Amino acid sequence: MQILKVENLYKSFAGSGEVVTDVSFEINEGEVIAVIGPSGSGKSTLLRCLTLLERIDHGTIKVAGETMVETTPQGRVVYASEEQLRKIRLRLGMVFQNFNLFPHFSVMRNITEAPIHVRGLSPAEAGEEAEKLLAKIGLTDKADAYPYQLSGGQSQRVAIARALAMKPDILFFDEPTSALDPELTGEVLKVIRQLAAERMTMLVVTHEMAFARDVADRVIFMDKGQVVEEGTAKQIFGDPENERTRNFLRNFSANHKLG
Amino acid sequence: MSAFQVPPSLIKLVTLLFNGVLTSLEIFFLTLLFSLPLGLLTALGRMSSQKWVNYPIRLYILIMRGTPLLLQLIFIYYFPFYLMPEGLKFRLPRFTAAIIAFVVNYAAYFAEIYRGGIESIPIGQYEAAAVLGFTRTQTFFKIILPQVIKRILPPVSNEVITLVKDTALVNILGVTELFRAAKNEANRTFSTTPLFTAGLFYLFLNWIVTKVFEKAEKKLGYYR
(Lines give C-alpha, C1' and ligand atoms only; values in the text may rest on other atoms or scores of the structure.)
Protein backbone atom coordinates (compact mmCIF):
# COMPACT_ATOMS: atom_id res chain seq x y z
CA MET A 1 0.00 0.00 0.00
CA GLN A 2 1.17 3.48 -0.83
CA ILE A 3 1.66 5.56 2.29
CA LEU A 4 2.98 8.77 0.82
CA LYS A 5 2.90 10.27 -2.64
CA VAL A 6 4.58 13.57 -3.42
CA GLU A 7 4.26 15.21 -6.83
CA ASN A 8 5.98 18.33 -8.16
CA LEU A 9 6.44 19.89 -4.76
CA TYR A 10 7.82 23.42 -4.68
CA LYS A 11 8.59 25.51 -1.63
CA SER A 12 10.39 28.81 -1.34
CA PHE A 13 10.86 31.33 1.42
CA ALA A 14 10.72 35.07 0.94
CA GLY A 15 14.25 36.29 0.42
CA SER A 16 15.98 32.94 0.15
CA GLY A 17 14.70 31.74 -3.22
CA GLU A 18 13.50 28.25 -3.94
CA VAL A 19 14.35 25.71 -1.29
CA VAL A 20 12.51 22.69 -2.69
CA THR A 21 12.15 22.47 -6.45
CA ASP A 22 9.91 20.02 -8.27
CA VAL A 23 10.32 17.09 -5.89
CA SER A 24 8.35 13.90 -6.58
CA PHE A 25 8.59 10.50 -4.93
CA GLU A 26 6.50 7.89 -3.21
CA ILE A 27 6.82 5.62 -0.22
CA ASN A 28 5.14 2.26 0.17
CA GLU A 29 4.14 0.60 3.40
CA GLY A 30 7.09 -0.88 5.26
CA GLU A 31 9.71 0.98 3.30
CA VAL A 32 12.58 2.89 4.83
CA ILE A 33 13.74 5.86 2.80
CA ALA A 34 16.90 7.79 3.58
CA VAL A 35 17.19 11.34 2.28
CA ILE A 36 20.80 12.45 2.02
CA GLY A 37 22.50 15.51 0.61
CA PRO A 38 24.61 18.50 1.53
CA SER A 39 23.50 21.05 4.14
CA GLY A 40 20.99 23.49 2.72
CA SER A 41 19.85 21.10 0.03
CA GLY A 42 16.21 21.38 1.18
CA LYS A 43 15.94 18.02 2.96
CA SER A 44 14.60 19.42 6.20
CA THR A 45 12.28 21.86 4.45
CA LEU A 46 10.86 18.96 2.45
CA LEU A 47 10.20 17.09 5.68
CA ARG A 48 8.55 20.13 7.22
CA CYS A 49 6.25 20.43 4.20
CA LEU A 50 5.28 16.77 4.49
CA THR A 51 4.44 17.14 8.21
CA LEU A 52 2.37 20.31 7.72
CA LEU A 53 4.86 22.52 9.54
CA GLU A 54 5.29 24.53 6.34
CA ARG A 55 2.78 25.31 3.60
CA ILE A 56 3.86 24.41 0.09
CA ASP A 57 3.85 26.72 -2.95
CA HIS A 58 2.94 24.11 -5.51
CA GLY A 59 2.39 20.37 -5.83
CA THR A 60 0.44 17.45 -4.44
CA ILE A 61 0.87 15.43 -1.27
CA LYS A 62 -1.22 12.32 -0.60
CA VAL A 63 -1.10 10.33 2.61
CA ALA A 64 -2.47 6.78 2.45
CA GLY A 65 -4.54 7.79 -0.57
CA GLU A 66 -6.03 10.88 1.09
CA THR A 67 -5.19 14.23 -0.43
CA MET A 68 -3.44 16.50 2.03
CA VAL A 69 -2.83 19.20 -0.55
CA GLU A 70 -3.18 19.53 -4.28
CA THR A 71 -2.68 22.17 -6.91
CA THR A 72 -5.39 23.06 -9.41
CA PRO A 73 -4.54 23.32 -13.11
CA GLN A 74 -4.76 27.10 -12.57
CA GLY A 75 -1.92 26.79 -10.06
CA ARG A 76 -3.94 27.35 -6.91
CA VAL A 77 -2.71 25.33 -3.91
CA VAL A 78 -5.64 23.77 -2.05
CA TYR A 79 -5.21 22.13 1.33
CA ALA A 80 -7.77 19.70 2.74
CA SER A 81 -10.21 21.03 5.36
CA GLU A 82 -8.98 21.51 8.93
CA GLU A 83 -11.03 18.48 9.89
CA GLN A 84 -9.37 16.28 7.26
CA LEU A 85 -5.93 17.67 7.98
CA ARG A 86 -6.39 16.73 11.63
CA LYS A 87 -7.07 13.15 10.56
CA ILE A 88 -4.17 13.10 8.15
CA ARG A 89 -1.85 14.53 10.77
CA LEU A 90 -2.58 11.53 12.98
CA ARG A 91 -1.01 9.30 10.35
CA LEU A 92 2.25 11.25 10.48
CA GLY A 93 4.89 11.03 13.20
CA MET A 94 7.89 13.30 13.48
CA VAL A 95 11.18 13.07 15.35
CA PHE A 96 13.07 16.36 15.53
CA GLN A 97 16.77 17.04 15.55
CA ASN A 98 16.47 18.80 18.92
CA PHE A 99 14.01 16.28 20.41
CA ASN A 100 11.55 18.99 21.48
CA LEU A 101 10.43 17.01 24.50
CA PHE A 102 8.05 18.82 26.85
CA PRO A 103 10.30 19.82 29.78
CA HIS A 104 7.47 20.13 32.31
CA PHE A 105 6.23 16.58 31.75
CA SER A 106 7.85 13.38 33.00
CA VAL A 107 9.05 10.89 30.40
CA MET A 108 5.85 8.91 30.95
CA ARG A 109 3.63 11.95 30.47
CA ASN A 110 5.57 13.07 27.40
CA ILE A 111 4.55 9.77 25.85
CA THR A 112 0.97 9.52 27.16
CA GLU A 113 -0.27 13.12 26.86
CA ALA A 114 -1.10 13.05 23.16
CA PRO A 115 -2.60 9.53 23.13
CA ILE A 116 -4.91 10.60 25.97
CA HIS A 117 -5.92 14.02 24.67
CA VAL A 118 -5.70 13.48 20.92
CA ARG A 119 -6.39 9.80 20.37
CA GLY A 120 -8.79 9.67 23.31
CA LEU A 121 -7.26 6.73 25.15
CA SER A 122 -7.90 6.29 28.86
CA PRO A 123 -4.89 7.13 31.03
CA ALA A 124 -4.61 3.44 31.95
CA GLU A 125 -4.50 2.31 28.31
CA ALA A 126 -2.05 5.05 27.38
CA GLY A 127 0.14 4.16 30.35
CA GLU A 128 0.18 0.51 29.37
CA GLU A 129 1.19 1.34 25.79
CA ALA A 130 3.83 3.75 27.03
CA GLU A 131 5.35 1.09 29.24
CA LYS A 132 5.69 -1.23 26.24
CA LEU A 133 7.34 1.56 24.27
CA LEU A 134 9.69 2.38 27.14
CA ALA A 135 10.70 -1.28 27.30
CA LYS A 136 11.33 -1.21 23.58
CA ILE A 137 13.67 1.78 23.77
CA GLY A 138 15.28 0.42 26.93
CA LEU A 139 14.25 3.23 29.25
CA THR A 140 11.75 1.57 31.57
CA ASP A 141 13.66 2.92 34.57
CA LYS A 142 13.33 6.51 33.31
CA ALA A 143 9.51 6.65 33.26
CA ASP A 144 9.40 9.17 36.11
CA ALA A 145 12.46 11.17 35.07
CA TYR A 146 12.17 14.65 33.56
CA PRO A 147 13.77 15.55 30.23
CA TYR A 148 16.53 17.63 31.84
CA GLN A 149 17.72 14.49 33.61
CA LEU A 150 18.24 12.58 30.34
CA SER A 151 21.23 12.40 28.03
CA GLY A 152 20.77 13.46 24.42
CA GLY A 153 20.54 9.87 23.28
CA GLN A 154 17.95 9.04 25.90
CA SER A 155 15.96 12.19 25.02
CA GLN A 156 15.86 11.23 21.38
CA ARG A 157 14.74 7.69 22.21
CA VAL A 158 11.92 9.14 24.32
CA ALA A 159 11.00 11.43 21.42
CA ILE A 160 10.78 8.37 19.18
CA ALA A 161 8.56 6.60 21.72
CA ARG A 162 6.38 9.71 21.97
CA ALA A 163 5.90 9.72 18.20
CA LEU A 164 5.23 5.97 18.10
CA ALA A 165 2.59 6.26 20.81
CA MET A 166 0.37 8.00 18.26
CA LYS A 167 0.57 4.90 16.05
CA PRO A 168 1.52 6.80 12.90
CA ASP A 169 1.47 5.18 9.47
CA ILE A 170 4.77 6.82 8.68
CA LEU A 171 7.49 8.22 10.87
CA PHE A 172 9.67 11.13 9.72
CA PHE A 173 13.10 11.75 11.20
CA ASP A 174 14.80 15.12 10.76
CA GLU A 175 18.51 14.44 11.30
CA PRO A 176 17.77 12.51 14.49
CA THR A 177 21.42 12.18 15.53
CA SER A 178 22.83 15.55 14.44
CA ALA A 179 22.45 17.16 17.85
CA LEU A 180 24.06 14.25 19.67
CA ASP A 181 27.60 13.64 20.83
CA PRO A 182 29.15 11.02 18.56
CA GLU A 183 29.18 8.36 21.27
CA LEU A 184 25.41 8.72 21.71
CA THR A 185 24.31 8.29 18.10
CA GLY A 186 24.58 4.49 18.25
CA GLU A 187 21.79 4.00 20.77
CA VAL A 188 19.38 6.11 18.70
CA LEU A 189 20.29 4.45 15.40
CA LYS A 190 19.82 1.07 17.07
CA VAL A 191 16.20 1.95 17.89
CA ILE A 192 15.58 3.09 14.30
CA ARG A 193 17.16 -0.12 12.96
CA GLN A 194 14.86 -2.11 15.22
CA LEU A 195 11.84 -0.22 13.85
CA ALA A 196 13.05 -0.91 10.31
CA ALA A 197 13.26 -4.60 11.14
CA GLU A 198 9.63 -4.40 12.30
CA ARG A 199 8.71 -2.88 8.91
CA MET A 200 7.80 0.55 10.24
CA THR A 201 7.43 2.95 7.32
CA MET A 202 10.05 5.66 7.77
CA LEU A 203 11.62 8.59 6.00
CA VAL A 204 14.94 9.57 7.56
CA VAL A 205 16.85 12.72 6.72
CA THR A 206 20.36 11.89 7.81
CA HIS A 207 24.05 12.56 7.55
CA GLU A 208 24.84 9.03 8.79
CA MET A 209 25.86 7.45 5.51
CA ALA A 210 26.69 4.04 6.93
CA PHE A 211 23.30 3.96 8.57
CA ALA A 212 21.54 5.01 5.35
CA ARG A 213 23.43 2.37 3.40
CA ASP A 214 22.60 -0.42 5.85
CA VAL A 215 19.03 0.37 6.81
CA ALA A 216 17.34 2.18 3.94
CA ASP A 217 15.50 0.31 1.21
CA ARG A 218 15.78 3.36 -1.00
CA VAL A 219 17.94 6.44 -0.89
CA ILE A 220 17.03 9.87 -2.22
CA PHE A 221 19.95 12.21 -2.90
CA MET A 222 18.98 15.89 -2.84
CA ASP A 223 21.04 18.88 -3.90
CA LYS A 224 19.98 22.52 -4.32
CA GLY A 225 16.35 21.64 -3.59
CA GLN A 226 16.09 18.94 -6.24
CA VAL A 227 16.05 15.17 -6.16
CA VAL A 228 19.21 14.45 -8.09
CA GLU A 229 19.12 10.71 -7.85
CA GLU A 230 16.91 8.07 -6.31
CA GLY A 231 17.60 4.36 -6.08
CA THR A 232 18.25 1.40 -3.85
CA ALA A 233 20.83 1.94 -1.15
CA LYS A 234 23.09 -0.52 -2.94
CA GLN A 235 22.88 1.40 -6.19
CA ILE A 236 23.32 4.90 -4.72
CA PHE A 237 26.26 3.98 -2.55
CA GLY A 238 27.75 1.34 -4.86
CA ASP A 239 27.26 2.78 -8.30
CA PRO A 240 25.83 6.31 -8.31
CA GLU A 241 24.86 7.49 -11.78
CA ASN A 242 24.93 11.20 -11.27
CA GLU A 243 28.09 13.25 -11.07
CA ARG A 244 26.77 15.33 -8.13
CA THR A 245 25.93 12.21 -6.14
CA ARG A 246 29.39 10.82 -6.80
CA ASN A 247 31.04 14.06 -5.72
CA PHE A 248 28.98 14.28 -2.55
CA LEU A 249 29.70 10.71 -1.52
CA ARG A 250 33.39 11.06 -2.40
CA ASN A 251 33.74 14.21 -0.31
CA PHE A 252 31.77 12.60 2.44
CA SER A 253 33.86 9.44 2.65
CA ALA A 254 37.00 11.60 2.55
CA ASN A 255 35.82 13.40 5.68
CA HIS A 256 34.09 10.57 7.50
CA LYS A 257 34.81 6.93 7.54
CA LEU A 258 32.04 4.95 5.92
CA GLY A 259 32.21 2.24 8.51
CA MET B 1 3.87 42.17 85.15
CA SER B 2 2.92 45.74 84.34
CA ALA B 3 6.07 46.10 82.21
CA PHE B 4 4.63 43.61 79.74
CA GLN B 5 1.21 45.14 79.60
CA VAL B 6 0.25 46.35 76.15
CA PRO B 7 -0.91 49.97 76.34
CA PRO B 8 -4.62 50.30 75.43
CA SER B 9 -3.81 53.05 72.94
CA LEU B 10 -1.68 50.61 70.94
CA ILE B 11 -4.46 48.02 70.87
CA LYS B 12 -6.79 50.71 69.61
CA LEU B 13 -4.31 51.76 66.91
CA VAL B 14 -3.74 48.22 65.71
CA THR B 15 -7.48 47.56 65.54
CA LEU B 16 -7.97 50.73 63.57
CA LEU B 17 -5.20 49.92 61.13
CA PHE B 18 -6.39 46.36 60.84
CA ASN B 19 -9.69 47.60 59.38
CA GLY B 20 -7.67 49.58 56.86
CA VAL B 21 -5.62 46.49 56.02
CA LEU B 22 -8.83 44.59 55.20
CA THR B 23 -9.74 47.23 52.60
CA SER B 24 -6.19 47.20 51.22
CA LEU B 25 -6.34 43.43 50.92
CA GLU B 26 -9.69 43.65 49.19
CA ILE B 27 -8.19 45.98 46.58
CA PHE B 28 -5.15 43.73 46.31
CA PHE B 29 -7.04 40.49 45.68
CA LEU B 30 -9.70 41.98 43.40
CA THR B 31 -6.97 43.58 41.30
CA LEU B 32 -5.10 40.28 40.92
CA LEU B 33 -8.30 38.33 40.28
CA PHE B 34 -9.19 40.48 37.26
CA SER B 35 -5.86 41.79 36.01
CA LEU B 36 -4.08 38.45 35.71
CA PRO B 37 -6.57 36.99 33.18
CA LEU B 38 -7.09 40.38 31.50
CA GLY B 39 -3.32 40.69 31.16
CA LEU B 40 -3.16 37.33 29.41
CA LEU B 41 -5.86 38.38 26.93
CA THR B 42 -4.05 41.67 26.41
CA ALA B 43 -0.78 39.84 25.76
CA LEU B 44 -2.44 37.60 23.18
CA GLY B 45 -3.92 40.66 21.47
CA ARG B 46 -0.59 42.45 21.61
CA MET B 47 1.00 39.47 19.82
CA SER B 48 -1.73 39.30 17.19
CA SER B 49 -0.55 39.84 13.66
CA GLN B 50 -3.74 41.84 12.96
CA LYS B 51 -2.88 45.53 13.11
CA TRP B 52 -6.40 46.53 14.13
CA VAL B 53 -5.98 44.34 17.21
CA ASN B 54 -2.39 44.96 18.17
CA TYR B 55 -2.17 48.71 17.49
CA PRO B 56 -4.96 49.75 19.90
CA ILE B 57 -3.52 47.40 22.51
CA ARG B 58 -0.08 48.89 22.13
CA LEU B 59 -1.60 52.33 22.64
CA TYR B 60 -3.45 51.09 25.73
CA ILE B 61 -0.25 49.62 27.19
CA LEU B 62 1.66 52.82 26.40
CA ILE B 63 -0.90 54.97 28.22
CA MET B 64 -1.18 52.66 31.23
CA ARG B 65 2.55 52.38 31.70
CA GLY B 66 3.32 55.91 30.60
CA THR B 67 1.12 57.89 32.99
CA PRO B 68 0.97 57.87 36.79
CA LEU B 69 -1.43 55.40 38.35
CA LEU B 70 -2.45 58.22 40.67
CA LEU B 71 -3.73 60.25 37.69
CA GLN B 72 -5.49 57.21 36.27
CA LEU B 73 -7.34 56.76 39.56
CA ILE B 74 -8.51 60.34 39.52
CA PHE B 75 -9.40 60.23 35.85
CA ILE B 76 -11.49 57.07 36.09
CA TYR B 77 -13.30 58.36 39.15
CA TYR B 78 -14.21 61.75 37.66
CA PHE B 79 -14.63 60.80 33.99
CA PRO B 80 -18.19 59.41 34.09
CA PHE B 81 -19.48 62.50 35.87
CA TYR B 82 -17.52 65.40 34.47
CA LEU B 83 -16.60 64.33 30.98
CA MET B 84 -19.52 62.21 29.78
CA PRO B 85 -22.12 64.06 27.68
CA GLU B 86 -25.27 65.36 29.34
CA GLY B 87 -27.72 62.53 30.05
CA LEU B 88 -25.03 59.90 30.26
CA LYS B 89 -23.43 61.30 33.38
CA PHE B 90 -23.19 59.01 36.37
CA ARG B 91 -21.12 58.62 39.51
CA LEU B 92 -18.89 55.64 39.99
CA PRO B 93 -18.59 54.50 43.59
CA ARG B 94 -15.10 55.38 44.85
CA PHE B 95 -14.14 51.80 45.55
CA THR B 96 -15.33 50.57 42.13
CA ALA B 97 -13.39 53.35 40.41
CA ALA B 98 -10.29 52.34 42.34
CA ILE B 99 -10.64 48.68 41.34
CA ILE B 100 -11.19 49.54 37.66
CA ALA B 101 -8.13 51.78 37.60
CA PHE B 102 -5.95 49.16 39.29
CA VAL B 103 -7.17 46.33 37.07
CA VAL B 104 -6.58 48.12 33.76
CA ASN B 105 -3.23 49.46 34.94
CA TYR B 106 -1.88 46.17 36.26
CA ALA B 107 -3.23 44.19 33.30
CA ALA B 108 -0.99 46.28 31.04
CA TYR B 109 2.10 45.43 33.07
CA PHE B 110 1.15 41.77 33.35
CA ALA B 111 0.50 41.65 29.59
CA GLU B 112 4.07 42.61 28.85
CA ILE B 113 5.35 40.04 31.34
CA TYR B 114 3.20 37.33 29.77
CA ARG B 115 4.36 38.36 26.31
CA GLY B 116 8.00 38.09 27.30
CA GLY B 117 7.34 34.65 28.76
CA ILE B 118 5.36 33.38 25.79
CA GLU B 119 7.92 34.61 23.29
CA SER B 120 10.72 32.93 25.23
CA ILE B 121 9.26 29.44 24.63
CA PRO B 122 11.14 27.74 21.78
CA ILE B 123 9.22 27.31 18.52
CA GLY B 124 10.05 23.58 18.68
CA GLN B 125 7.53 23.17 21.52
CA TYR B 126 4.73 24.39 19.24
CA GLU B 127 5.94 22.22 16.37
CA ALA B 128 6.19 19.08 18.49
CA ALA B 129 2.67 19.71 19.79
CA ALA B 130 1.30 20.36 16.29
CA VAL B 131 2.78 17.16 14.88
CA LEU B 132 1.31 15.19 17.79
CA GLY B 133 -2.10 16.52 16.81
CA PHE B 134 -2.78 18.88 19.71
CA THR B 135 -5.17 21.69 18.83
CA ARG B 136 -3.95 25.26 19.21
CA THR B 137 -5.91 25.66 22.42
CA GLN B 138 -4.54 22.42 23.88
CA THR B 139 -1.04 23.44 22.87
CA PHE B 140 -1.37 26.78 24.60
CA PHE B 141 -2.90 25.56 27.84
CA LYS B 142 -1.11 22.22 28.24
CA ILE B 143 2.30 22.85 26.73
CA ILE B 144 3.04 26.57 26.55
CA LEU B 145 1.31 28.29 29.47
CA PRO B 146 2.69 26.00 32.23
CA GLN B 147 6.22 26.73 31.03
CA VAL B 148 5.43 30.44 30.74
CA ILE B 149 4.19 30.56 34.34
CA LYS B 150 7.44 29.10 35.62
CA ARG B 151 9.48 31.63 33.65
CA ILE B 152 7.46 34.70 34.63
CA LEU B 153 7.21 34.07 38.37
CA PRO B 154 10.11 36.40 39.28
CA PRO B 155 8.84 39.45 37.31
CA VAL B 156 5.26 38.77 38.45
CA SER B 157 6.38 38.71 42.08
CA ASN B 158 7.92 42.14 41.51
CA GLU B 159 4.59 43.49 40.27
CA VAL B 160 2.63 41.89 43.10
CA ILE B 161 4.94 43.42 45.69
CA THR B 162 4.49 46.81 44.04
CA LEU B 163 0.73 46.28 44.07
CA VAL B 164 0.71 45.85 47.86
CA LYS B 165 2.33 49.27 48.21
CA ASP B 166 0.30 50.89 45.41
CA THR B 167 -2.96 50.17 47.25
CA ALA B 168 -2.01 53.21 49.35
CA LEU B 169 -2.74 55.40 46.31
CA VAL B 170 -6.51 54.90 46.50
CA ASN B 171 -6.59 57.18 49.56
CA ILE B 172 -6.67 59.99 46.98
CA LEU B 173 -10.27 58.94 46.25
CA GLY B 174 -11.14 58.96 49.95
CA VAL B 175 -11.25 55.20 50.35
CA THR B 176 -10.13 54.39 53.86
CA GLU B 177 -7.50 51.74 53.40
CA LEU B 178 -4.42 51.17 55.50
CA PHE B 179 -2.57 54.34 54.54
CA ARG B 180 -5.55 56.67 54.96
CA ALA B 181 -6.48 55.07 58.27
CA ALA B 182 -2.93 55.65 59.52
CA LYS B 183 -2.80 59.23 58.18
CA ASN B 184 -6.10 60.15 59.83
CA GLU B 185 -4.94 58.71 63.12
CA ALA B 186 -1.60 60.50 62.82
CA ASN B 187 -3.36 63.82 62.22
CA ARG B 188 -5.73 63.25 65.11
CA THR B 189 -3.03 62.33 67.65
CA PHE B 190 -0.20 64.52 66.34
CA SER B 191 1.99 61.43 66.25
CA THR B 192 3.97 59.57 63.60
CA THR B 193 3.46 56.23 65.33
CA PRO B 194 0.41 55.28 63.22
CA LEU B 195 2.32 55.92 59.98
CA PHE B 196 5.30 53.94 61.21
CA THR B 197 3.01 51.08 62.26
CA ALA B 198 1.34 51.17 58.84
CA GLY B 199 4.80 50.78 57.33
CA LEU B 200 5.31 47.64 59.40
CA PHE B 201 1.97 46.31 58.13
CA TYR B 202 3.01 46.81 54.49
CA LEU B 203 6.34 45.18 55.21
CA PHE B 204 4.63 42.21 56.83
CA LEU B 205 2.24 41.79 53.89
CA ASN B 206 5.10 41.79 51.42
CA TRP B 207 7.02 39.34 53.55
CA ILE B 208 4.07 36.97 53.05
CA VAL B 209 3.96 37.72 49.30
CA THR B 210 7.68 36.98 49.05
CA LYS B 211 7.25 33.69 50.92
CA VAL B 212 4.35 32.65 48.68
CA PHE B 213 6.37 33.27 45.53
CA GLU B 214 9.39 31.45 46.97
CA LYS B 215 7.13 28.47 47.60
CA ALA B 216 5.68 28.64 44.09
CA GLU B 217 9.13 28.82 42.52
CA LYS B 218 10.22 25.84 44.57
CA LYS B 219 7.11 23.94 43.53
CA LEU B 220 7.84 24.56 39.85
CA GLY B 221 11.53 23.79 40.34
CA TYR B 222 10.98 20.11 39.58
CA TYR B 223 11.96 20.69 35.95
CA ARG B 224 14.27 22.92 33.99
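**View 1. The contact between the two chains.** In this predicted model, 22 residues of chain A and 18 residues of chain B form the contact (heavy atoms within 4.5 Å). About 2,000 Å² is buried between chain A and chain B, with 66% of it on carbon and sulfur atoms; buried area is the accessible area (1.4 Å probe) lost by two parts on being put together, summed over both. On the side of chain A, Phe102(A), His104(A) and Tyr148(A) lose the most area to chain B, together 31% of what that side buries.

View 2. Two salt bridges are found across the interface of chain A and chain B (a side-chain nitrogen of Lys or Arg within 4 Å of a carboxyl oxygen of Asp or Glu). A salt bridge joins the side chains of Lys142(B) and Glu113(A), at 3.8 Å from N to O.

**View 3. A nonpolar patch on chain B.** Phe75(B), Tyr78(B), Phe79(B), Tyr82(B) and Leu83(B) make a nonpolar surface patch of about 520 Å². Such patches comprise residues with over 30% relative accessible area and no salt bridge, nonpolar side chains (Val, Leu, Ile, Met, Phe, Trp, Tyr) being joined within 5 Å. Tyr82(B) lies in helix α3 (residues 69-83) of chain B; helices are DSSP runs (H or I, at least four residues), numbered from the N terminus. Tyr82(B) counts as partly exposed because its relative accessibility is 49%, between the limits of under 20% for buried and over 50% for exposed (1.4 Å probe, protein chains only).

**Notes.** Residues are numbered from 1 along each chain as its sequence is written, and chains are lettered from A in the order in which they are written. Local features need pLDDT of at least 70, side-chain atom pairs count only at pLDDT 80 or more, and totals for chains, interfaces and linings use all residues, while side-chain values use heavy atoms, without hydrogens and water.

How values were computed. Patch = residues over 30% accessible without salt bridge, like charges linked within 9 Å, V, L, I, M, F, W, Y side chains within 5 Å. Areas by Shrake-Rupley, 256 points an atom, 1.4 Å probe, with all protein chains shown as cover. Helix = DSSP H or I, 4+ residues; strand = E, 2+ residues; numbered from the N terminus.
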